Amino acid sequence: MNSPIILALDTKDPSQARNWIKISRPLINHFKIGLEYFLLNGKESVVALQKEFDFELFLDLKLYDIPNTVKGAVESVASLNPKFLTVHAAGGPKMIRAAAEALPGGSIAAVTVLTSFSENEFSSLGYSEDISRTARSWADQAVAAGATSLICSPFEAKQMKGIAPNSTIITPGVRLLGEPANDQNRVMTPKEALSNGADFVVIGRSITSFSGDSEQAMQDKITEIHQSI
Ligand code: C5P
């Protein structure tokens, strides 16, 4: 089964994460673990989930530090064999190269400009180019330095695929038609995101909040998304 969905396990609770994987694993094989879960529960908890359910790990740690420190951080999680590990493209090519060298068996996924920035906030930090140009330039440099995946908004996916046709493009910020956008500003449907060049879509609350812990509701939602693609 090759689902383009990466399910975001946005919880602090290991039994909640376990339940979400257990219910959706027949239909989805990529799961995203982020800082909320990882900082509280640690590596051992991820290993336990991996042992119980064989799945592809998207480890969303958004690393950003000097190259040597990032190298050490990547080495510390390399034994989890993440298929994707996120770093900030803003850390620059040397940092990204250090990360890529420390994870030869996985894909360093570069996050370009955070989608939470407005143009005003961004320029007040001292950046001279607008967000879109900056994102393109950072993506370009990240890929040249060894990142093989890019995380971006679905609205940038086409552009990113153009810059880096061999990279895996991953987009959060997707919602089915009629669903609440929550704190996401601009959203596309999974179908639009994929036809815009995304290879994977990260989906959290559309699947997890909607269904509570009802196995049937969650599986129906995933099936609905698969059928909509
Ligand atoms: O619940 P929802 O589908 O909005 O979850 C999206 C996931 O993608 C969350 O884990 C969030 O941290 C992540 N993300 C995002 N927007 C970005 C980058 C990451 O929503 N620009």
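## Terms and model

In what follows, Ala, Val, Leu, Ile, Met, Phe, Trp, Tyr, Cys and Pro count as nonpolar, Asp, Glu, Lys and Arg as charged, and the others, Gly among them, as polar. By that scheme, the lining of the largest cavity splits into 5 nonpolar, 1 polar and 2 charged residues.

The model is predicted, with local features needing pLDDT of at least 70 and side-chain atom pairs counting only at pLDDT 80 or more, while totals for chains, interfaces and linings use all residues. Residues are numbered from 1 along each chain as its sequence is written, and side-chain values use heavy atoms, with hydrogens and water left out.

## Around the ligand

Which residues surround the ligand? They are Ala8, Asp10, Lys32, Thr115, Pro172, Arg175, Gln184, Val202, Ile203, Gly204 and Arg205, where being near means having a heavy atom within 4 Å. This shell holds 4 nonpolar, 3 polar and 4 charged residues.

Let's turn to the polar contacts (pairs of N or O atoms within 3.5 Å). An oxygen atom of the ligand lies 2.8 Å from an N or O atom in the side chain of Lys32, and an oxygen atom of the ligand is 2.8 Å from a polar backbone atom of Gly204. For the side chain of Arg205, the distance from an N or O atom to a ligand oxygen is 2.7 Å. The protein covers 81% of the 450 Å² of accessible area that the ligand has on its own (Shrake-Rupley method, 1.4 Å probe).

## The largest pocket

The ligand takes up the space of the largest pocket. On a 1 Å grid over the protein atoms alone, a pocket is an open set of points with protein on both sides within 12 Å along at least five of seven lines, and lining residues have an atom within 4 Å of a point.

This pocket has a volume of about 1000 Å³. Of its 39 lining residues, Thr115, Ser116, Pro172, Gly173 and Gln184 are the closest to its centre. Strand 3 gives the most to the lining, with 3 residues. By class, the lining has 16 nonpolar, 12 polar and 11 charged residues.

## The cavity

A cavity is a set of grid points where a 1.4 Å probe fits but cannot get out. The largest cavity has a volume of about 30 Å³. Val174, Arg175, Leu176, Glu179, Pro190, Ile203, Ser206 and Ile225 line it.

Key
Polar contact = N/O pair within 3.5 Å; in protein donor to acceptor, adjacent residues only side chain to side chain. Sits in = over half its atoms within 2 Å of the grid points. Points joined across faces, edges and corners; volume = space filled by probe spheres on them. Helix = DSSP H or I, 4+ residues; strand = E, 2+ residues; numbered from the N terminus.
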